[in-house]
Amino acid sequence: MPILVRIALALVLLWTMVVAAAWLLQRRLIYFPDRASPPAASRVIPTGRDVTLRTTDGLSLTAWLVEPSAGSPGRGPAVLVAPGNAGNRLGRAPLATALAARGLTVLLVDYRGYGGNPGGLSEEGLARDIEAARTFLVDQVGTPPERLLYFGESLGAAVVTALAAKHPPAGLILRSPFTDLPAAGREHYPFLPVRLLARDRFPVAETIARVAAPTLIVYGTADSVVPPGQSRAVAGKAAGPVRVVAVQDADHNDASLVHGPQLVDAVAELAAAVS
């Protein structure tokens, strides 16, 4: 067998093995949970308390409910925060603190597998988790649906967009949304047939076309994880009124984008508009 043929066959075999490994391990390439249990909410945020969410498949998930801080303007709507694919709720404490200072009630969710919570990760599982969070706010906190905002960051933007298509909110906030997960994955793994392999798809651009709620989209112009063009494309597909806020020179996890003044101001303005 000619040497070039042997090399070609070896490369094909290697690529096939890489693709097979990617299919088997793909969720390890998507979800990066911090599985540690955060401290009690009140130790981190004075107006925070620990709460438990019950999913329809029988899981009990820990979360933080943060009430408006003392001296904040009158009580505004509640904000359900769906996190991205990494860390746990402790890392979202600055966001919750900033929103609470604007008079908003904030529910910081940790999905199954994050923040000491049980369960395995999947698109279906995250959908159950965020629905449990909404049920908690509506049924136990007593938040009227017309005073409930959904906030999703990155992967969480996909989670709350799907929730919004099923249970319309007063307003939808998407921070650094991608058009769909395979499109985002292709940016980082261009040598793999990502769309063919993906088990979790999170079709944000397709789903938001069915969401009529006022929508705020915030992205960083220097985002190296989710291309800014994908966030703008999501805005272009929204069925409802849309406001787009671009945070100049901000990368995906920069503080200016995660909990900076442009983001917080824009959320507070949306909350005031729907109140």
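Predicted model: local features only at pLDDT ≥ 70, side-chain atom pairs only at ≥ 80, totals over all residues.
**Entry 1: Asp110**

I began with the contacts of Asp110: leaving aside neighbours within four places in sequence, Asp110 touches Pro38, Leu61, Thr62, Asn88, Arg89, Gly115 and Asn117, where contact means heavy atoms within 4.5 Å. Residues are numbered from 1 along each chain as its sequence is written, and side-chain values use heavy atoms, with hydrogens and water left out.

Next I looked up where Asp110 sits, and found it in the loop between β6 (105-109) and α4 (123-141). Helices (H or I, at least four residues) and strands (E, at least two) are DSSP runs, numbered from the N terminus.

Is Asp110 buried or exposed? Asp110 is buried, with a relative accessible area of 1%; buried means under 20%, exposed over 50%, and partly exposed in between (1.4 Å probe, protein chains only).

**Entry 2: the largest pocket**

I then turned to the largest pocket, which has a volume of about 540 Å³. Of its 24 lining residues, Leu29, Ile30, Leu181, Gly185 and Tyr189 are the closest to the centre. On a 1 Å grid over the protein atoms alone, a pocket is an open set of points where a 1.4 Å probe fits, with protein on both sides within 12 Å along at least five of seven lines; lining residues have an atom within 4 Å of a point. Grid points are joined across faces, edges and corners, and the volume is the space filled by probe spheres set on the points.

Which helix gives the most to this lining? I found that α6 does, with five residues. α1 (3-30), α6 (181-188) and α7 (194-197) each supply at least two.

**Entry 3: α6 itself**

Staying with α6, I saw that Leu181, Pro182, Ala183, Ala184 and Gly185 are buried. Asp180 caps the N-terminal end of α6, with a side-chain oxygen 2.8 Å from the backbone nitrogen of Ala183.

Conventions. Polar contact = N/O pair within 3.5 Å; in protein donor to acceptor, adjacent residues only side chain to side chain.
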